[in-house]
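Biologist: I am new to this structure and would like a close look at a single part of it. Could you take me through that part slowly, and tell me what surrounds it?

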Amino acid sequence: MGARENATYDVVGIGFGPSNLSLAIALEERCANVLTNSITSAFFERQSSFGWHRNMLLPSATMQISFLKDLVTFRNPVSRFSFVAFLHAKGRLGQFVNRKDFFPTRQEFHQYLEWAAAKMADAVTYDSTVTSVQLPPDHGSGGDGYVQLEVRDTAAGSTRRVNTRNVVVSTGLVPRMPDGIARDDRVWHSSEFLTRYGRTDPEVLRSVAVVGAGQSAAEITQFFHGRLPHAQVHAIMPSYGYSVADDTPFANQVFDADAVEDYYDGDEPARDAFWRYHRNTNYGVVDSADIQALYQTQYDEGVAGAKRLHFHNLTKVRAVERNGSARRVTLQSLRHHEVRQLDVDAIVFATGYASMDPTQLLGDLDRYCLRDESGHHRVTRDYRLVTTPELSCGIYLQGGTEHTHGLTSSLLSNIAVRSGEIADSIICRRAESELATIAAEVREAVAERL
Ligand code: FDA
Ligand code: NAP
C-alpha cells in the first residue's frame, strides 16, 4: 500500500495523525472483509516519524477521553489495533486495570499511537509535505475522476506528483496567536512548547508568563512552576479564573457517534444549542484535578508567605516587545481598561487553535467546491466536500467539519467510527463506478448483437 511512483491510487491521505492512521487501519480491515479488489492507498506525513502533539507531552498530562475511544474500538471492538491489544502486547494490561482509571497519560497514549503507526508503516511516507492538490495536466472536464498531489520530500528536497481518485485531508488544528503578536525564541505558542523550552537554559528563565485559561495554559503553568523553582510564574487569563471541563455523563453524550447524526440533521437552532450549552466540554476549560492543584499551590504559597505564582485575571495581552533578551508584555485589564507592563524572560501563548481549513491546499480546485450561505464548505454526511458535477473525484475531510458534523470534528472521540464511514464511502463509490462500467459494457455488447 506504500507510495508507488506513477500510480493512480484509490485514496491518498494528507497527514498521518490519529485520524488518517485510523483511516489506514479501517481501509486495511475493510478490505480484508469485503469482496472487492484491494483498495490502493498512500499517506503522506510532513514529520520525519509519527508524532502526536509532541510538544505538549508533559510528564503527567492525561488523556481527555477514555482509552476505549482509541483508533478502532468503537468501529471494531475486536481489532488488533486497540489500546487493549497494545497493553496486552506490552504486558501491562493487568497493571493498567489495577489503576481503575479510564484515562491513560498522554505519554502512554502516544506510545500506543506509535505502536499502531509502526504496524502500518507500509501505508505512510514520512518527511513528505503535500503542497497542493490540482487537476492533472491534460485533464478532461473535471479531471477525469482523479486529482494530482504535489508532494515535497523535505529530507531529499525533491518534489513528485501523485495521482489519486480520492483524497482525505487531515492536516490538523492550526495554532492561533493573538493579532499582531509574532513568535520568536522567547515568544512561544503552546504547540511548540517542549522544543522551545528544551532549547532555552532554564537558569535564564527567572520570570515567565502563560497566556490563556484552557487546558494547555493550565498544564504549562504547572510545568513551569514545578520545573523552575527559582522563577516567578505569571498566568494571564481573560476570564475571572479557570473553568472546569464538563465531562459529566449527560454532557459527554455530545461526543457520541449518534450526536454527529443529530448535529448533521439538525437545523440552525439545534446546532446552535450544541455549541451554546456544551462548548464548555472542550474549549477554554480545564480538568478539575489541574484546577485543584493550581489553587492549592496558590493557597500554599499564601500560607508560606512566599508567592511566586501570580494570577492576572480578566486580563488580555495587547503587545509584546523586545527588551534586551527579555520581553516587555503590555497587559490590559478588562476591569477598568488599565494598561500595565510586565517584563518576562519567556511568554507562552496557550491561546488555542483554529480548525482545519483545506482552502489553501486545494488552491484553484477550491472553485469546484460548493459553500453554504455562511461561506463554509458544504460537506456530505460521509465527510466529502460537495463539488460541482464535473469534479467527480472524492475530497474527504477529517477535521474542519465543526459546522456540519459538530464538536467531535477536531477530537479523537469519533475517529474510529468516522474513519470506518469514510472507508465505506470510498469502497462503495468504487464499487458503484465498477458496476456502472460493467453495465455500460453489457449494454454495448447487447446493442452490438441486436
Ligand atoms: P493531527 O494534528 O494530530 O495530525 C495532523 C497531521 O498532519 C500532523 O501529523 C501534521 O504533521 C500533518 N500535516 C499537516 N499538514 C500536512 C501537509 N501539508 N502534508 C503532510 N502532512 C501534513 N482530543 C481528544 O479527543 N482527546 C485528547 O485527549 C486530546 N488531547 C489533545 C492534546 C493537545 C495538546 C492538543 C493540541 C489537542 C488534543 N486533542 C485531543 C485534539 C486533537 O485535535 C486530536 O487529539 C488529534 O490530534 C486529531 O488528530 P488528527 O489526525 O485529525 O490531527
Ligand atoms: P483553548 O481551549 O482554545 O483555550 C485557549 C485559551 O486562550 C482560552 O482561555 C482563550 O480565551 C484564551 N485566549 C485566546 N486569545 C487570548 C488573548 N489574546 N489573551 C488572553 N487569552 C486568550 O486551547 P487549548 O488549551 O490549547 O486546548 C485546545 C484543545 O487541546 C482542546 O481540545 C483541549 O482539550 C486539548 N488539550 C488537551 C490536553 C490533554 O489531553 N491533556 C492538553 C492540552 C490541550 P477565550 O475563551 O476568551 O477565547
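**A helix, its sheet and a ligand**

Modeller: In this predicted model, helix 6, made up of residues 215-227, lies across strand 10, strand 11 (207-211), strand 12 (232-236), strand 13 and strand 17, and runs at about 165° to strand 11. Those 5 strands form an open sheet with parallel pairing, in the order 10-17-11-12-13. At its edges are strand 10 (187-189) and strand 13 (309-312), each of which pairs on one side only, and neighbouring strands are turned by 20° against each other on average, with direction ignored. Strands of a sheet pair through backbone hydrogen bonds. Strand 10 is joined by 3 bridges to strand 17 (residues 346-349), the two running parallel, and Trp188 stands opposite Val348 in strand 17.

The shell holds 21 residues, of which the closest are Gln64, Ser216, Glu219, Asn282 and Gly284, and it divides into 9 nonpolar, 10 polar and 2 charged residues. In the side chain of Ser216, an N or O atom lies 2.6 Å from an oxygen atom of ligand 2, while a polar backbone atom of Gly284 is 2.7 Å from an oxygen atom of the ligand. For Ala350, a polar backbone atom is 3.3 Å from an oxygen atom of ligand 2. Taken alone, ligand 2 exposes 930 Å², and the protein buries 79% of that area.

Notes:
Residues numbered from 1 in each chain as written. Chains lettered and ligands numbered in written order. Predicted model: local features only at pLDDT ≥ 70, side-chain atom pairs only at ≥ 80, totals over all residues. Heavy atoms only, no water. Pairing = 2+ DSSP bridges. Helix = DSSP H or I, 4+ residues; strand = E, 2+ residues; numbered from the N terminus. Axes fitted to C-alpha atoms, helices over the stretch in contact; angles between N-to-C directions. Contact = heavy atoms within 4.5 Å. Near = heavy atom within 4 Å. Polar contact = N/O pair within 3.5 Å; in protein donor to acceptor, adjacent residues only side chain to side chain. Areas by Shrake-Rupley, 256 points an atom, 1.4 Å probe, with all protein chains shown as cover. Nonpolar A, V, L, I, M, F, W, Y, C, P; charged D, E, K, R; others polar.
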